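Have the sequence and the model open as you read.

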Amino acid sequence: MKYDAAVIGAGPAGSFAAIGLASLGYRTLLIDPCNKKKVCAGILTAQYVREFETDEVYIERKLKGVKISFRDINGEINYRQAFEYSIDRETYDNFNLNKALSAGSELKKDAVVSLHETDQWIEIKTKKDVVYADYVVIASGVSDLATQFGGLKQYAYCMQQRKDATPDSYFEMDMKTDGYSWVAPKKDYVLTGTSSLIDYPDIPGDKALIPVGGPVERTYFSRVLLAGDAAGFVSPFEGEGIYYARRSGEIAAEVLAGVMSGENNIADYEKRWKNEFDFSTLNVVSDLLADEDVLEKFVREIRDNEGFNEFVENILTKESKDLSPGDISYLLGKIVH
Ligand SMILES: Cc1cc2nc3c(=O)[nH]c(=O)nc-3n(C[C@H](O)[C@H](O)[C@H](O)COP(=O)(O)OP(=O)(O)OC[C@H]3O[C@@H](n4cnc5c(N)ncnc54)[C@H](O)[C@@H]3O)c2cc1C
């Protein structure tokens with residue numbers, strides 16, 4: 001059985017790639033074992049909420065800002081125009097997967113073991129079977145498969161647990177030089193978590209890896225595209241990955257459709273996401289905050305300086321498109337040195 005496209009992984013990257021391809025009439029197969037609990041704080045960022053339609057079925061709470069602390073310094077950013085949604089991640093993933101199936105994609109509940117590119121197609125070996133496709137989107141998140149294609153060299157180790165506490169309408173970030181600990185409020189409980197660059201923090205909870213260090217070196221091959229976490233598309237500053245996963249899945253579908261109709265070259269994928277995703281600005285912020293003195297001043301300024309507070313709000317909500325890495329470096333540098 002040969003498909004026009006196989007999409008490996010039914011997280012946001014894979015489901016939105018499959019939605020795009022199947023809606024255009026391409027014979028699409030989604031492959032995912034559908035057997036793993038996703039460890040995620042479940043925040044749909046302001047940019048996500050601004051750009052995409054959302055559904056109340058997975059929304060747990062509307063968030064009006066973020067509380068940022070470092071040691072005993074506490075700052076609070078109230079979003080002026082934007083807001084975020086805290087979601088139930090499992091319901092969100094199932095919702096998107098069902099949309100892909102309604103659009104006409106097939107689903108194979110299986111795990112892909114290896115891929116073999118030939119001149120004519122790709123042979124996809126799963127645990128139970130072999131299938132063929134003209135093109136493949138690897139959207140398998142942090143996985144061995146992504147690593148086989150040269151992805152994901154750097155991770156942060158995360159632990160998260162559910163806590164029965166009264167939720168607030170702010171996402172909380174307790175900053176560290178190599179990341180942060182968080183409190184994500186849900187409808188009637190919170191998720192607390194923390195990350196480390198060295199190893200899983202020694203506390204009880206659900207474990208997961210998150211890519212750090214930005215996009216992988218190559219996100220396209222002659223018949224294969226990498227999307228979402230598999231391509232390293234996660235903001236190094238706040239760990240946002242759902243927006244990039246969804247959008248890169250959509251771009252992958254558009255480019256593959258263009259390749260199949262003769263209007264696109266597969267290399268266009270990289271041009272398209274580079275044109276939209278600004279990881280360099282976020283890298284600048286995250287690199288500067290790897291220093292304790294800088295971090296302390298950063299949070300103090302958020303607390304005491306209205307202009308700076310607004311400036312960080314713009315970075316977090318991506319409300320202002322005119323902040324270049326140079327501007328960020330200059331402005332942050334001015335304040336924190
Ligand atoms: C602790 C933690 C908290 C986070 N919080 C947030 C947040 O609040 N907001 C935010 O925007 N981002 C957050 N992220 C990041 C976000 O979860 C990811 O960026 C996002 O899930 C990436 O989507 P994806 O579709 O690329 O991969 P995933 O969502 O990881 O989906 C990959 C899919 O591939 C499947 N798969 C894996 N291997 C195979 C295989 N061999 N064959 C077939 N299928 C396979 C898996 O079963 C899975 O369903 C967080 C990450 C972590 C670790």
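Which residue lies over the face of Phe-221? That's Arg-218, at 4.7 Å from the ring centre. A quick heads-up: this is a predicted model, where local features need pLDDT of at least 70, side-chain atom pairs count only at pLDDT 80 or more, and totals for chains, interfaces and linings use all residues. Residues are numbered from 1 along each chain as its sequence is written, and side-chain values use heavy atoms, leaving out hydrogens and water.

**Charges over rings**
- Arg-162 lies over the face of Tyr-189, at 3.7 Å from the ring centre.
- To count, NZ of Lys or CZ of Arg must be within 6 Å of the ring centre and within 35 degrees of the ring normal.

**Aromatic pairs**
- The whole structure has 22 aromatic pairs; rings of Phe, Tyr and Trp (its six-membered ring) pair if their centres lie within 6.5 Å, and planes under 30 degrees apart are stacked, over 60 edge-to-face, the rest tilted.
- Phe-149 and Phe-221 pair edge-to-face, 5.2 Å centre to centre with 80 degrees between the planes.
- Those two are 72 residues apart in the chain.
- Phe-149 is buried at 14% relative accessibility, and Phe-221 is buried at 17% (buried is under 20% relative accessible area, exposed over 50%, partly exposed in between, with a 1.4 Å probe and protein chains only).
- Tyr-157 and Tyr-200 are also edge-to-face, at 5.1 Å and 85 degrees.
- Tyr-157 is partly exposed at 22%, and so is Tyr-200 at 26%.

**Aromatic cluster**
- One aromatic cluster includes Tyr-48, Phe-95 and Trp-273.

Methods
Helix = DSSP H or I, 4+ residues; strand = E, 2+ residues; numbered from the N terminus.
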